[in-house]
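Good morning, and thank you for coming. Please look at the sequence and the structure while I speak.

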Amino acid sequence: MAKPPVVGASAPSFSLPGVLLVEDLAERREYRLEEAKGKPLVLVFYPGDDTPVCTKQLCSYTSDLDRFRDLGATVWGISPQDLDSHERFARKHRLGFPLLADPDRAVARAYGITVPGLGLRRSVFILDGGSTVTWRHVALAGLTFQHADTLAAQLETLRGA
């Protein structure tokens with residue numbers, strides 16, 4: 001099994017289908033890591049749509065989305081559920097960033113965060129504009145999450161570099 005990419009390593013490339021709510025419209029398209037080059041990207045791997053901790057985490061990040069944008073960053077959420085599940089979840093909680101579907105967990109495996117029989121570890125990877133990992137957090141149990149303040153502080157250091 002792959003290990004999570006270390007700080008300073010290139011992030012594994014991927015292409016996944018995703019959905020983004022814009023007003024009341026759900027825009028579905030393919031998201032490729034390469035298209036995010038040129039600005040920081042916050043990759044949020046979460047275990048499941050509409051679960052208590054995941055809901056709290058993604059709602060928190062949506063509340064601070066302008067803060068992330070002001071730091072030049074984009075946020076993408078990735079989990080194993082399909083696009084229909086993602087769309088229901090995004091609509092229910094008015095999530096403001098794309099949710100990408102990784103149903104076979106291929107991307108989660110490439111990032112070394114799968115747990116046999118359990119799914120994936122709640123994880124966040126911050127990538128610079130060249131897709132290099134500049135910060136990461138891979139949870140052991142996933143009962144808590146990294147707060148927006150922590151992510152913003154990491155993005156601030158990236159901006160100052």
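Valine 44 stands opposite glycine 77, which belongs to β4. Strand β4 covers residues 74-79 and pairs with β3 in the parallel sense over five bridges. Two strands count as paired if DSSP finds at least two bridges between them; strands (E, at least two residues) and helices (H or I, at least four) are DSSP runs, numbered from the N terminus.

This is a predicted model, in which local features need pLDDT of at least 70 and side-chain atom pairs count only at pLDDT 80 or more, while totals for chains, interfaces and linings use all residues. Residues are numbered from 1 along each chain as its sequence is written, and side-chain values use heavy atoms, with hydrogens and water left out.

Let us turn to the core. A nonpolar core is a set of buried Ala, Val, Leu, Ile, Met, Phe, Trp, Tyr and Cys residues joined through side-chain atoms within 4.5 Å, where buried means under 20% relative accessible area with a 1.4 Å probe, protein chains only. The largest nonpolar core has 29 residues, and Val42, Phe68 and Leu155 are among those with the most contacts inside it. Helix α5 supplies its largest share, five residues. Leucine 155 touches Pro40, Val42, Phe68, Leu71, Ala73 and Ile126, leaving aside residues up to four places away in sequence; contact means heavy atoms within 4.5 Å.

Conventions:
Buried < 20%, exposed > 50% of the residue type's maximum accessible area, 1.4 Å probe, protein only.
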